[in-house]
Amino acid sequence: MAKLSLIVPVFNEQDTVNLFYDAIEEEHKNFADYELEYWFIDDGSSDNTMDVVEKLIEKDNHVHTVSFSRNFGKESALYAGLEHATGEYVAVMDVDLQDPPSMLPEMLAGVSSGEWDAVGARRTSREGEPVIRSWFSNLFYKLINSMSDTHIVEGARDFRVMSRQMVDAILSMQEYNRFSKGIFSWVGFKQKYLDYKNQDRVAGKTSWSFWGLFRYSIEGFIDFSRAPLLLVSVLGSIAFVLALIGALVVFIRAILYPDTSVFGWPSMVVIILALGGVQLLSIGIVGRYISNIYLEVKKRPIYVAKKVK
């Protein structure tokens, strides 16, 4: 019997774990010819999430967990799950049931048939989300796809079923700074996306704040695009050309009107501030790339496990 490993990152999700498990067990009837393996990856929860998971482990020997020593982030949790999954097929899902379990049979059928190496889910609507978050999300996909050679499907979720070959390819990318949506696309293989409408959480509160999503999007730009560095070069070139033109104007005016008194200091202050802003922006962008290099060369582990069951 082929096995499907289900990777479920959890962080302070004590109210949703049992609801998720019951929903998956109910849906499992529709692909009962596959053995099901659960991997709940606890990302340093501070509530009773691990107590709930350990009760499931006592109840069902197909349930396993990796518990981190602290919060390392969802990207680290995904990597840990992929690393421990033993199934021929591997699925990634959120525990809040915003990823509909009813899509699993069709996803699994697409991959197990050999027609696709991965079948994922693409959200086509964002009903229930704040308007400003939806607007920034749409802007992110437009910008990164215009700047990066790696195409990221708009609205794509981490929710997907993958073949063992694709999972092994992802695990070979042991970079510390991880952006899974980009990694899933970068490794290639034959991938397909199924559309669905936005689902609300069944319980609890999301741990993703607007600032957290913004930082995550910046990570995506840095990891999969060199366009920001090109922008720095362009801004520097423009500033240099404008400076040459300005110097030429001053030189010609000094020759033609030698008695002209000094004036225009407010505009000069504005120009200095503008150029200073461009320089700081450029240093910040370059510094972000350098900081990623700094983290990579230290070769720290992507996560530290406190407990594996």
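Reader: Where does Asn 12 lie?
Author: Asn 12 sits in the loop between strand 1 (3–10) and helix 1 (17–27); helices (H or I, at least four residues) and strands (E, at least two) are DSSP runs, numbered from the N terminus. This is a predicted model, where local features need pLDDT of at least 70 and side-chain atom pairs count only at pLDDT 80 or more, while totals for chains, interfaces and linings use all residues. Residues are numbered from 1 along each chain as its sequence is written, and side-chain values use heavy atoms, with hydrogens and water left out.

Reader: Why is Asn 12 called partly exposed?
Author: Buried means under 20% relative accessible area, exposed over 50%, and partly exposed in between (1.4 Å probe, protein chains only). Asn 12 has 29%, so it is partly exposed. Its phi is positive, about 55°, although Asn 12 is not a glycine.

Reader: What makes Phe 189 partly exposed?
Author: Its relative accessibility is 34%, so Phe 189 counts as partly exposed. Phe 189 belongs to the loop between helix 7 (180–186) and strand 7 (191–196), and its phi is near 70°, a positive value in a residue other than glycine.

Reader: And how do you know that Ile 245 is partly exposed?
Author: The value for Ile 245 is 47% relative accessibility, therefore Ile 245 counts as partly exposed. Ile 245 is placed in helix 9 (residues 227–256).
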